[in-house]
Amino acid sequence: MDLALTKPFVLLDGGTGQELILRSAAGAKPLWSAQVLMDEPDLVTAVHRDFIEAGADVITLNTYSATPRRLWRNGLPDITAELHRAAIDAANRARSEAGRPVQLAGCLPPLVASYRPELAPPRAEARAEFAALVALQAPDVDLFIIETMTSIAEAVAATEAAVDSGKPAWTAVSVDDRDGTLLRSGEPITDAFTAIEEAGAVAVLVNCSSPEAVGAGLRHVLTSARQQRLPIGGYANGFVSVDALEPGVTVDVLETRIDLGPEAYAEHATGWIEAGARIIGGCCAVGPAHIAALARLRAEVMQAA
């Protein structure tokens, strides 16, 4: 996507996985959004459609928890290819009903677990596994979003695999909620952004961290000695804390903030935009109403320009 075509910022969708769990009759399961994809595929299409109707320019494949390692951990055979095909079909059904152009982003998530950099496989092994996911998605997507990367090594491995496909790669890191200048691995965000750029990404973002930490990370990058050359962006989660989430534990152990409604979230996003962000969206617990508030914010910014 040409960032110049969507001034003042590109609008991503929100947290598809959490929205699916909220709507699913089955509730939270260890395989999270992949379980809904298997059991209620029409619900996946409905959530994509609602994000599009809210104003999203980009929707992301619902494949975050559909990695071989996660399937194996939950006692399932490697049905990665089948799940990816189902996710692509669900997204394309929503796009066909949109009535306007909408970009589809492939999803490259942490291979093992969110927020746990110490569990990531070695870089060469990770690169091969990401390449296998890229091969499943590349023919059907417009770009790749590499998201919730908590270490430089895993972020670079995923970025390189996406870049090899010839599709644009947007890479997002998850930062420490107490110190947005550091990845959850403890590595400086400035070092991460430099490594991601060198790996070939065309945009760098901060995601799946608190809105406050996202803002701190973006401001730190833009005010550091390092010259920022790529477009930057942010999409935060709405959790009180992610500390309780362990591999294999269901997401209902996490508490959603009550002070982060759509308008409050848009206020945080205003700060990211003022800091220079060109890509804005939402992560876990950020729903269609939040994205609609961001769309209104964009309209207001454009009208004032």
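**Note on strand 5 and its setting in the predicted model**

1. Five of the five residues of strand 5 are buried, so this strand is largely enclosed by the rest of the structure. The structure under discussion is a predicted model. Burial holds for both faces of strand 5: A169, T171 and V173 lie on one side, W170 and A172 lie on the other, and all are buried.

2. Which strands pair with strand 5? On one hand there is strand 8 (residues 203-207), which runs parallel to strand 5 (residues 169-173) and is joined to it by four bridges. W170 has A203 of strand 8 as its bridge partner. On the other hand there is strand 4 (residues 143-149), also parallel to strand 5 and joined to it by four bridges. Here the bridge partner of I146 is T171, in strand 5.

3. These pairings belong to an open sheet of eight strands, in the order 1-10-9-8-5-4-3-2, with parallel pairing. Its edges are formed by strand 1 (10-11) and strand 2 (58-60), each of which pairs on one side only.

4. One of the helices is helix 6 (residues 123-137), where A124 is found. Is A124 buried or exposed? A124 counts as exposed because its relative accessibility is 63%, and the cut-off for exposed is over 50%. Between A124 and G271 there are 37 Å in space, C-alpha to C-alpha, and 147 residues in sequence.

5. As to overall dimensions, the radius of gyration of the chain is 17 Å, which agrees with the value near 19 Å that a compact globule of 305 residues would have. Taken along the principal axes, the C-alpha atoms fill a box of roughly 50 × 40 × 40 Å. Of the 305 residues, 56% count as buried.

6. The surface and the charges complete the description. The accessible surface of the chain comes to about 11,700 Å², and carbon and sulfur atoms account for 54% of this area. The chain has 24 positive and 39 negative charges, and the mean positions of the two sets are 3 Å apart.

Definitions and conventions:
Residues numbered from 1 in each chain as written. Predicted model: local features only at pLDDT ≥ 70, side-chain atom pairs only at ≥ 80, totals over all residues. Heavy atoms only, no water. Rg over C-alpha atoms; globule rule 2.2 N^0.38 Å. Buried < 20%, exposed > 50% of the residue type's maximum accessible area, 1.4 Å probe, protein only. Areas by Shrake-Rupley, 256 points an atom, 1.4 Å probe, with all protein chains shown as cover. Lys, Arg positive; Asp, Glu negative; His and termini not counted. Charge placed at Lys NZ, Arg CZ, Asp CG, Glu CD. Pairing = 2+ DSSP bridges. Helix = DSSP H or I, 4+ residues; strand = E, 2+ residues; numbered from the N terminus.
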